[in-house]
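Open the model in a viewer and keep the selection panel at hand.

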Amino acid sequence: MKIFWTLLRRELAAFFLSLMGYVIIAAVTLIIGASFAMLIRNLGSAPFLMPVTELFFNSFLFWIIVILAAPIITMRLFAQEKASGTYETLMTTSVGDTAVVAAKFIAALIFYLIMWLPTLACLFIVAHFTNQRSALDAGTLGGMYLGIFLSGCLFLSIGCLASSLTRNQVVAAMISLALGIILFIAAFLAQSVITAGSAQLHLLNFFSLFKQIDDFTRGVVDTRTVIFYTSLTLFFLFLTLRVVESRRWK
Amino acid sequence: MIEVTNLTKRYAGHTAVSGISFSVARGEIVGLLGPNGAGKSTTMRILSCFMPATSGTARVAGYDVFHESREVRRRIGFMPENNPLYPEMRVREYLKFRARLKGLGWKNSRRRVGTVMEQCGLTEVSHRIIGQLSKGYRQRVGLADALVHEPDLIILDEPTIGLDPHQIRSVRQLIKSLAEKHTVLISTHILPEAEMMCSRMLIMYGGKILAADTPDNLQRLMAGSSQIFAEIAASPEELREALGQLPGVEQCEVSAGEGAFQRCALTPRDGFDLRSVIFTLARERGWTLRELTRSRHSLEDIYVQVTRPDEEEEI
């Protein structure tokens, strides 16, 4: 456990010791800001019945952030260590494979959450300039951040897997981007196909990411969705662990 | 400390290490000597549990590198080829991170980091960023990292590559000073370096160990084929006659050299050192002797020498 904290600290520090971390945060802040400005303009022209949080996630910008930021955050994790050879020095100490994977994933997750912090400023502005107490409701806000957290877990775990597969960061980013887009397309399909009784369609329904996030932003937390996200995340992390271990397979 | 039996590593398409066996006793400094692609790094990676062997076993301090890898990893300090480090970290920070990673407690790691930094001469750069250090310092950081948890066995893959002569000397001295407490396995392709540092050498070529002995014994083994060169001012006929009659001369060639000098190349019998005999001869006859050398064997000669029987068999 002690070793895990040491690793986590170093992984997290690595994000902030390179320019990459700041570039990602700046880009995301820009997108969030633009998205928020658009939202405010729309709100000014006509009244909406939806909660503010839902409006925010209805914009495609949220998905752009998740789908693009996750590969960029995670591409470094394993690929860079493999390319520079530090993977060898890391894996020949007595640290366990599980600790390495967990530390890398959690560091990426913490960075991802830090990246979303500017949304708090948006919330503050909304709370400050609307006199309605109902504008921001604890339930919808909690749902929104849970949605951010869960979708982040999923896409970051995909990124971890992609990074563990190669020693080239660009390839890692491409793989996780491709996997992310596949999920995205599945979500589109799930939305456009009318879910009749057949088993395949039922399965596809699980991948309706948009609807699920929509639910979250409305403050509806469906346990099936939570389980779906966490189990997929764990599945991809498990695969990552296997890839890391595979080095030792005969 | 190390027992390797029939170790083989096959990659898709080629065999990097084929059926090597050797053992290293506690407190020895053993050099793994061979050209690039001889299987040195592969052997070291297997010993440091980075990857498994295809077949055969390797034990470090009595633990199997495959089945009890964590016990092994706790007892080794490994510095891979090209000495990879995190360039964005500072020296002390990096060493502290590594010490903690290797399971040292907070207080203990602080103490050890201080000790190894002093030992490796890093104290004055402790707050510098690793990426901005010179290659010599970076190499020392790698060494300090290998030492920080006081491992029983230190494995260093090409520790002096790419350093300038001054840095090489200091790194060598450092490695030599480790012998008191640790067992050291180093790889190199520079023969004099191995001669200087190691108590025993293993010569690898094409994934096999061709010779394993002390540097002195290997030299003696090689001396059999060494040649003596002499430049003497005398008539060629006289030289040929006189040198041919010397005891211990197997073959003698005389060719015209610069001015009155003749170049003589002599092959001694059974590694016999002819140099003093030639000097005495020149003095007796009143010849002018201006050069007298014994050809030193480069590593390449040794490879050629030890690989020759195999090649002949194949033909």
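Select residues 97-115 of chain A, which are helix 7. Helices here are DSSP runs of H or I with at least four residues, strands are runs of E with at least two, and both are numbered from the N terminus. Helix 7 of chain A has 19 residues and spans 27 Å from first to last C-alpha, close to the expected 27 Å at 1.5 Å a residue; the expected span is 1.5 Å times one less than the number of residues. Colour its buried residues next: A:Val100, A:Val101, A:Ala103, A:Lys104, A:Phe105, A:Ala107, A:Ala108, A:Phe111, A:Tyr112 and A:Met115. A residue is buried if 20 or more other C-beta atoms lie within 10 Å of its own, exposed if 12 or fewer, and partly exposed in between, with C-beta atoms placed from the backbone.

The model is predicted: local features need pLDDT of at least 70 and side-chain atom pairs count only at pLDDT 80 or more, while totals for chains, interfaces and linings use all residues. Residues are numbered from 1 along each chain as its sequence is written, and chains are lettered from A and ligands numbered from 1 in the order in which they are written.

Show the whole of chain A. It holds 13 helices and zero strands, and 37% of its 250 residues are buried. Of the contacts in chain A with a separation of 6 or more, 78% are between residues 24 or more positions apart; a contact means C-beta atoms, placed from the backbone, within 7 Å.

Now select helix 9 (138-165) and helix 12 (209-217) of chain A. They pack at an angle of about 145° with their axes 6 Å apart. Axes are lines fitted to C-alpha atoms, for helices over the stretch in contact, and angles run from 0 to 180 degrees between N-to-C directions. Helix 9 of chain A contributes A:Thr140, A:Gly143, A:Met144, A:Leu146, A:Gly147 and A:Ser151, and helix 12 of chain A contributes A:Ile213, A:Phe216 and A:Thr217.

Go to A:Leu234, in helix 13 (residues 223-246) of chain A. Is A:Leu234 buried or exposed? It counts as exposed, because it has 12 C-beta neighbours inside 10 Å. Its C-alpha is 9.0 Å from that of A:Cys153, 81 residues away along the chain.

Bring in chain B. In the contact between the chains, 20 residues of chain A meet 20 residues of chain B. Helix 1 (2-17) and helix 6 (86-91) of chain A each give two or more residues to the chain A side, and helix 1 of chain A gives the most, six.

Next, the cores. A nonpolar core is a set of buried Ala, Val, Leu, Ile, Met, Phe, Trp, Tyr and Cys residues joined through C-beta atoms within 7 Å. The largest has 124 residues, and those with the most contacts inside it include A:Leu156, B:Val60 and B:Leu95. Helix 9 of chain A supplies the largest share, eleven residues. Another core, apart from this one, has 13 residues, among them B:Ile228 and B:Leu266.

Finish at the open sheet of chain B, where four strands lie in the order 2-1-4-5 with antiparallel pairing. Two strands pair if DSSP finds at least two bridges between them. Strand 2 (14-24) and strand 5 (63-64) of chain B are the edges. Seven bridges join strand 1 (residues 2-11) of chain B to strand 2 of chain B, and B:Lys9 stands opposite B:Val17 in strand 2 of chain B.

Note on methods: Two residues are in contact if their C-beta atoms, placed from the backbone, lie within 7 Å.
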